[in-house]
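Welcome, and thanks for taking a look at this one with me. Below is a short briefing to read alongside the model.

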Amino acid sequence: FLSPGMEVGHAWVAQAAGIAGIQLSSVAAAAASLGTLSSLWMGLGPWPQVQNVRRLGTLEAINMQTLSCALLNGGAWFIYAFLVDVFEAVPVNGFNTVVTLGLLTVVFTSVKGGEKRQAALHTSTIGLLLYAAPLSEVPKMLGTRSAGTLSLFGVAASLVCSTSWLLVGILSKSAPIATPNLIGVGLSLLQLSIVVVLPSAAAVKAYKKE
């Protein structure tokens with residue numbers, strides 16, 4: 001399925017290829033090859049900054065958000081490409097995911113002193129976003145008077161997980177572990193209250209059909 005904009009773009013590329021005397025399949029193959037090479041280049045892009053972190057021992061030499069987004073992007077595209085049979089995108093995104101994990105490992109083992117706490121805080125923030133993500137549907141939940149995509153199974157798992165790691169953080173006296181999981185417990189309890197009070201989206205849909 002192509003949107004009107006995509007159809008126009010496809011027609012324009014086909015016309016340009018015809019004028020140049022090039023087959024559209026050749027253009028597609030060249031674009032895929034260039035996309036693969038440039039994706040590998042992007043995956044290795046943070047390498048100079050990581051080298052600076054190793055040399056200086058400070059997070060000031062790198063943008064941690066870039067590395068985190070690169071990890072999420074590579075992992076998501078790896079799964080998507082595999083599921084929709086775009087196999088040319090599987091190796092490059094798998095490679096980039098592994099490379100980014102390696103770069104993060106180098107960064108976390110290279111920082112010194114108080115910056116280790118800053119690195120841990122960054123990791124904790126990503127975990128906190130995971131706990132908060134389901135609440136992005138709150139406006140939709142209020143509009144439909146349903147719990148949306150929230151499920152008791154997932155919320156219960158989130159509550160047990162955050163509670164367990166909160167205890168680990170308290171017992172090990174680790175604020176970077178305890179703090180996000182304390183907030184995670186609160187967010188999980190909020191989600192649990194929504195699941196208990198509001199019916200599921202499926203139940204609302206079934207009720208409307210009746």
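**Helix pairs in a predicted model**

**More on H4 and H5**

- The two helices, H4 and H5, cross in a left-handed sense.
- On the H4 side, the contact is made by Met64, Leu67, Ala70, Leu71, Gly74, Gly75, Trp77, Phe78, Ala81 and Phe82.
- H5 contributes Ala89, Val90, Asn93, Gly94, Thr97, Thr100, Leu101, Leu103, Leu104, Val107 and Phe108 to this contact.
- Sorted by class, the contact of H4 with H5 holds 15 nonpolar and six polar residues, with no charged ones.

**H8 and H9**

- Further along, H8 and helix H9 (residues 175-197) pack with their axes 8 Å apart, at an angle of about 155°.
- That angle makes H8 roughly antiparallel to H9.
- The crossing in which H8 passes H9 is left-handed.
- From H8, the residues that meet H9 are Leu152, Val155, Ser158, Leu159, Cys161, Ser162, Thr163, Trp165, Leu166, Gly169 and Ile170.
- Their partners in H9 are Ile177, Ala178, Asn181, Leu182, Gly184, Val185, Ser188, Leu189, Gln191, Leu192 and Val195.
- This contact of H8 with H9 divides into 14 nonpolar and eight polar residues, and no charged residues take part.

**A closer look at Ser158**

- Ser158 sits in helix H8 (residues 152-171), and Ser158 is one of the H8 residues that meet H9.
- Ser158 counts as buried because its relative accessibility is 15%, and the cut-off for buried is under 20%.
- Leaving aside residues up to four places away in sequence, Ser158 touches Tyr131 and Ser188.
- Of these, Ser188 is among the H9 residues in the contact with H8.

**The chain as a whole**

- The protein chain has ten helices and zero strands, giving the pattern α-α-α-α-α-α-α-α-α-α along the sequence.
- Of the 210 residues in the protein chain, 28% are buried.
- When contacts between residues at least 6 apart in sequence are considered, 68% of them join residues at least 24 apart.
- The accessible surface of the protein chain is about 13800 Å², and carbon and sulfur atoms account for 72% of that surface.

Technical notes
Residues numbered from 1 in each chain as written. Predicted model: local features only at pLDDT ≥ 70, side-chain atom pairs only at ≥ 80, totals over all residues. Heavy atoms only, no water. Left-handed = near helix turned anticlockwise from the far one by under 90°. Helix = DSSP H or I, 4+ residues; strand = E, 2+ residues; numbered from the N terminus. Contact = heavy atoms within 4.5 Å. Nonpolar A, V, L, I, M, F, W, Y, C, P; charged D, E, K, R; others polar. Buried < 20%, exposed > 50% of the residue type's maximum accessible area, 1.4 Å probe, protein only. Areas by Shrake-Rupley, 256 points an atom, 1.4 Å probe, with all protein chains shown as cover. Axes fitted to C-alpha atoms, helices over the stretch in contact; angles between N-to-C directions. Parallel < 35°, antiparallel > 145°, perpendicular 65-115°, else oblique.
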